[in-house]
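We will go through them one stop at a time.

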Amino acid sequence: MPIIDLVRLFQLDSDQESVRLKMALETWGLFHVVSDQLSVSFLDEVRGLAKKFFYLPKEEKLRYRNLTDDGEFKLEGYGNDRIASEDQVLDWNDRLYLLVQPENERNLQLWPETPSSFRSVLHKFSIELRKVANIVLKAIALALELEENYFTDLLGDDASAYARFNYYPSCPKSDVVLGMKPHSDGSVLTILLLDKDVDGIQVLKDGEWSTVPIVPHALLVNLGDQLEIMSNGIFKSPVHRVVTNTQKERISRAMFSSCNAKKYIEPASCLADETRPKLYKKVMVEEYLGKLFEAFPQGKRAIDFAKI
């Protein structure tokens with residue numbers, strides 16, 4: 001699994017880096033990136049922030065819970081994922097899920113006040129990861145022989161981004177219990193800051209699960225379903241899962257970039273022809289994400305909804 005240097009992608013001698021990127025897109029659907037825009041100390045600060053939050057007393061964390069007073073599930077906030085049925089297999093994790101972009105739509109009542117730096121650091125993290133996402137999306141567009149700004153223009157200024165902090169406690173039955181069930185992301189792009197010490201994310205390739213290696217000061221970029229649709233299936237959104245550990249906890253942080261909910265997405269016209277027909281229909285992002293949140297608790301993929 002390659003490590004892509006974002007600085008080199010757009011330099012004059014970038015051909016080798018671009019080839020490595022395209023190979024990663026075609027074979028794995030995910031890859032590590034390094035960037036001099038994100039210092040090691042800042043990435044460690046983000047890691048520490050998440051740990052401090054999850055170590056808070058339960059009553060403090062429940063101030064930001066993802067349930068209403070009537071017990072109804074909310075997408076944002078602290079807790080577990082939605083329980084859709086009594087026979088649903090639950091994931092072994094707690095999470096904090098927050099809308100970070102557009103900034104004027106943030107629900108700051110759900111943004112923790114403890115640790116005191118949480119809001120300012122998350123704000124900076126979201127801005128820096130948007131920059132990383134834009135660089136990656138431009139490189140992906142070029143790899144598809146599209147105009148460089150094809151995907152960044154589609155995202156536009158009203159794009160959505162959600163931050164998800166995941167806490168996976170140690171689990172005595174790690175051989176049968178998953179931290180997160182197999183799924184693909186409904187985003188355009190997901191960027192993760194993984195645990196420095198404990199691995200856990202696995203990707204399905206050629207029918208086998210492969211563990212994503214730890215690269216302490218790199219980010220993991222994962223293609224989402226929206227990009228699979230827009231690339232007409234040339235690049236795939238990988239199915240992945242999270243395994244548990246019998247002795248060690250694990251914490252990860254993810255940023256999901258998505259087109260605005262009211263926009264429509266479909267395969268780029270130049271990527272569909274007589275030799276490669278259009279594989280996905282035109283769908284509204286809001287409708288697609290609705291299908292995703294229905295499918296995920298059942299262990300199903302929403303991408304099937306968009307296929308022709």
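The tour visits a helix and then a sheet.

This is a predicted model, where local features need pLDDT of at least 70, side-chain atom pairs count only at pLDDT 80 or more, and totals for chains, interfaces and linings use all residues. Residues are numbered from 1 along each chain as its sequence is written, and side-chain values use heavy atoms, with hydrogens and water left out.

**Stop one: the helix**

Select residues 15-27, which form helix α2. Helices (H or I, at least four residues) and strands (E, at least two) are DSSP runs, numbered from the N terminus. The end C-alpha atoms of α2 are 18 Å apart, which agrees with the 18 Å that its 13 residues should span at 1.5 Å a residue (the expected span is 1.5 Å times one less than the number of residues).

Now colour E17, L21, A24 and L25, the buried residues of α2 (buried means under 20% relative accessible area, exposed over 50%, with a 1.4 Å probe and protein chains only). On the face turned away from them, pick the exposed residues D15, Q16, V19 and M23.

Next, show the open sheet of four strands, in the order β6-β11-β8-β9 with antiparallel pairing (two strands pair if DSSP finds at least two bridges between them). Select β6 (178-183) and β9 (208-211): each stands at an edge with a single partner strand, so one side of each is left without a neighbour in the sheet.

Zoom in on Q202 to find T211 of β9 opposite.
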